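Have the sequence and the 3D view ready.

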Amino acid sequence: MDAVNKQQGGVFFLHGYGGTGKTYMWRTLASALRSKHEICLTVATSGIASLLLPGGRTAHSKFKLPVPCLENSTCKINFNDPSVGLLREEKLIIWDEAPMAHKYCFETLDRTLKDVMSNYSNSETIFGGKVVIFGGDFRQILPVVLGGSRLDIVHSTINASYIWHYVKVLNLTKNMRLSSGPTEEDKKEIADFLDWLLKIGEGRISEPNDGYANIDIPPELLITDFDDPILAIVESTYPDFLNCYQSCDYLKNRAILASTLDIVDNINDHILAMMPVEIRDYYSSNSVDRSEIHDNNILQVLSPEFLSSLRTSGLPNHHLKLKVGTPIMLMRNIDQSQGLCNGTRLIVTNMAAHVLEAKLMGDNNNGKRLEEDFAGLLKD
């Protein structure tokens, strides 16, 4: 217990954009502590990011944070649970993608760790005397505030919390990806592109500006010679598609981002039509359980046609068209330790009436197969 009493704590924020080596830092710190038989907890805001961390977990699953996390809320931790004893002995907590989480998540953890350490002299120290390292990039996605204004979103971030007064900011500035180019010309091209992105993220492009500006996209990033825009973007992103579409290595390094769901459907239909295998249609259940309806008028509103037309983020389409070899994405957290979480990409390998077999795409799980009742979980 002397080690627990001697914990003086410290809060750091490792700031760096993509490619500067944050994941390498997390792995190095975790490995150094664990090699000395110390306890290091690695967490992330999203399930996909947690897969990159050694022994990674999502913050909400580890700390049992309430959803949504509100002001003055506390984590649902059972203090009789043996894991609380491990939390008291924790030497380091690493929280990646911190700018994506609401500031109440960090304030909730602060109050809870103070409660966990309430029997020790450092129970009033920030985070109960634990050393906590946050990481991320404020240029990327900020917390989601439903119906919130730009001001509401800015005030929900970690640097708007009282915790930020205790934080020491460390910056990663060297982009390690620049050394991966095969030629000097490729390295320069990557460097110019990253510099352009950083200027956009920091608001330094089209200066002077008041936070809003028209951005000119460099011509070398545009596809200008085309008749069919869908065909052009598919051929540019997936060259030699027919010979490579069953390869995990080929697919995992490519993706097309689209601005609307209609464009997503158009691209999916185009690529599916190119694949020389049989297509199969899947439909969701679009009927209402009448046993729970007390007002028959609601049946006129919740008609099958209306339910079939619903298309929103997080909800699968009523009609899915799939082929063996189709890239798909998981939409729920099923088993994070096996790499099955919201955002995991897979390739369909077999199809039945209610079950799909798929293999995982990813550096750590390439080719791992699984079977899953896919209803409501997958989106093509």
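## A pair in helix α8

D192 and K188 lie 4 residues apart in helix α8 (residues 184–201), so about one helical turn separates them. (Helices here are DSSP runs of H or I with at least four residues, strands are E runs of at least two, and both are numbered from the N terminus.) The two form a salt bridge, with their closest N and O atoms 2.9 Å apart; that term means a side-chain nitrogen of Lys or Arg within 4 Å of a carboxyl oxygen of Asp or Glu.

K188 counts as exposed at 52% relative accessibility, while D192 is partly exposed at 43%. (Buried is under 20% relative accessible area, exposed is over 50%, and partly exposed is in between, using a 1.4 Å probe and protein chains only.)

## About the model

This is a predicted model: local features need pLDDT of at least 70, side-chain atom pairs count only at pLDDT 80 or more, and totals for chains, interfaces and linings use all residues. Residues are numbered from 1 along each chain as its sequence is written, and side-chain values use heavy atoms, leaving out hydrogens and water.

How many salt bridges does the structure hold? There are 6. Among them is K114 with D110, at 3.4 Å from N to O. These two are also 4 residues apart, this time in helix α6 (residues 103–116). D110 is buried at 0%, whereas K114 is partly exposed at 22%.

## Around H15

Another salt bridge joins D137 and R139, at 3.0 Å between the closest N and O atoms. Both residues turn up among the contacts of H15 (heavy atoms within 4.5 Å), along with others including F138 and L170. H15 belongs to strand β1 (residues 10–15) and is buried at 15%.

Key: Lists of a residue's contacts leave out its neighbours within four places in sequence.
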